[in-house]
Amino acid sequence: MSPFVTLLSRDIRLAARSGGSAALALSFFALVATLMPLGVGADLHLLARIAGGTLWVAAVLAALLSLDRLFQGDFEDGSLDLIALSPLPLELTALAKITAHWLSTGLPLTLLSPLLALLFNLPPPATLMLFVSLLVGTPAVSAVGAIGASLTLSLKRGGLILPLIILPLLSPAVIFGAGAVSLVLDQLGAQNALGLLAAFAFAAVLLSPFAAAASVRLNLGG
Amino acid sequence: MQFLFRYANPHEFMRLSGRILPFAAIGAALCLCVGLFLGFSAPPDYQQGRTVLILFIHVPAATMAMGVYGAIAVCSLLSLVWRHPLSDIAARAAAPLGALFTVLGLITGSLWGKPMWGTYWVWDARLTSFLLLLFIYLGYMALWNAMEDETRAARATAILALVGAVNIPIIKFSVEWWNTLHQGESIVSGKLAPVFLAPLLLMMAGYGLLFVTLWMIRIRTAILERRARTLMQAN
């Protein structure tokens, strides 16, 4: 197996087994979606209107929960030093970790979203758009999040600073993702929004491994 | 480039900035005083009335808020690529000033919004993207303060500043796209009459000089602080 696949499958197994961060993220996602109607009332018309934005924000926050451990666990027990010494370039290491994070949180969140959309009375075409936009957009959350995780990996209170750093940077993903759902809800074409979201996600996945690798390097004392 | 590296030497920088500082400070005071005087003596705008005065304080603050982030990004690039030792200090010193300009822009913007739009806060594209800019400044400063090792903090924040610099135009674009989707308020933009243009330009120059003055003072203080620390460690 290539080092990339090895690292990827190791990280996915770690996410699935130790502490079950994927399951925690899913429960958090479902809980936020449950609390929202309790907060704003059970008016089905209103819920359908806010479903796209609420579920998008909840998905970003849920993915954020496990982000601070993206590099930190490996940093603390020293395995990050060994991974850095391996023939795999740090940029690809970062990409493997981003992919593993997406497969263990972004993808399950996306798969759960139609069920939660049902609770929000979102019509089927808009639900499909929510599903597609989360599928396209959540990789950007993992990618931009990896930059924040690598910058704060040596900090003890990194989990507190991480949201402050990356949430403003993720605002385009929320805007285009939730915007696409609203457009479908208003029976307008959402191709533009989806295209812009895809462009943002593509650029984020392409560029953030470099930024993440640079900041892992400096935190390893290079 | 040669010019930049000459003043990478803190000693050279202290000498030059010590000379420039009084002129910048006096220039800032003059521009701000004359600009405010001209602004207050300008006739009320036919649409905005006396509230047009707020714009003389608001517009330069908003311009500076973006400009200072640009300065931080350039300093960060210098520090990452050429390991320019002074630019870390300069980037760190500029951040609170930029955040203050952003806050000033937001406060004056909402004070202007109350009589104009009838509410203190409107989810207008510009207001919203400035609020996000403020959070970017806050995150940048929080990262600086959280990391103990200064060289490490300098490089980490430089990476963050550059990521932010790439992302800010995208955020601005996306917020504008979002605003048209949600049909926000729009302001009728007209040509600016000379009675308003002169004080506005003076205020902009004044804000710029004020930033340069405060920035230099902060950089000089940081350099002196470092020197004092080295002396204490030597003893």
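## Contacts and fold of chain B

Among contacts in chain B between residues at least 6 apart in sequence, 80% join residues at least 24 apart. Keep in mind as you look around that this is a predicted model.

Chain B has seven helices and zero strands, so its elements, read from the N terminus, run α-α-α-α-α-α-α. Of the 235 residues in chain B, 46% are buried. The accessible surface of chain B amounts to about 12300 Å², and carbon and sulfur atoms account for 70% of that area.

## Where helix 3 meets helix 5

One helix pair is worth a visit. Helix 3 of chain B covers residues 52-81 and helix 5 of chain B covers residues 125-146; the two pack at an angle of about 40°, and their axes lie 12 Å apart. Their crossing is left-handed.

From helix 3 of chain B, the residues in this contact are Ala62(B), Ala65(B), Met66(B), Val68(B), Tyr69(B), Ile72(B) and Ser76(B). Helix 5 of chain B brings Phe130(B), Leu133(B), Ile136(B), Tyr137(B) and Tyr140(B). By class, the residues of this contact are 11 nonpolar, one polar and no charged.

## Cysteines

A disulfide is a covalent bond between the sulfur atoms of two cysteines. Over all chains, the count of disulfides is zero. For Cys33(B), the closest cysteine sulfur belongs to Cys31(B), and because the two sulfurs are 9.6 Å apart, they are too far for a bond; the cut-off for a disulfide is within 2.5 Å.

Is each cysteine below buried or exposed? Cys33(B) has a relative accessible area of 54%, so it is exposed. Cys75(B) has 8% relative accessibility and therefore counts as buried, the limit being under 20%.

Conventions:
Residues numbered from 1 in each chain as written. Chains lettered and ligands numbered in written order. Predicted model: local features only at pLDDT ≥ 70, side-chain atom pairs only at ≥ 80, totals over all residues. Heavy atoms only, no water. Axes fitted to C-alpha atoms, helices over the stretch in contact; angles between N-to-C directions. Helix = DSSP H or I, 4+ residues; strand = E, 2+ residues; numbered from the N terminus. Left-handed = near helix turned anticlockwise from the far one by under 90°. Contact = heavy atoms within 4.5 Å. Nonpolar A, V, L, I, M, F, W, Y, C, P; charged D, E, K, R; others polar. Buried < 20%, exposed > 50% of the residue type's maximum accessible area, 1.4 Å probe, protein only. Areas by Shrake-Rupley, 256 points an atom, 1.4 Å probe, with all protein chains shown as cover.
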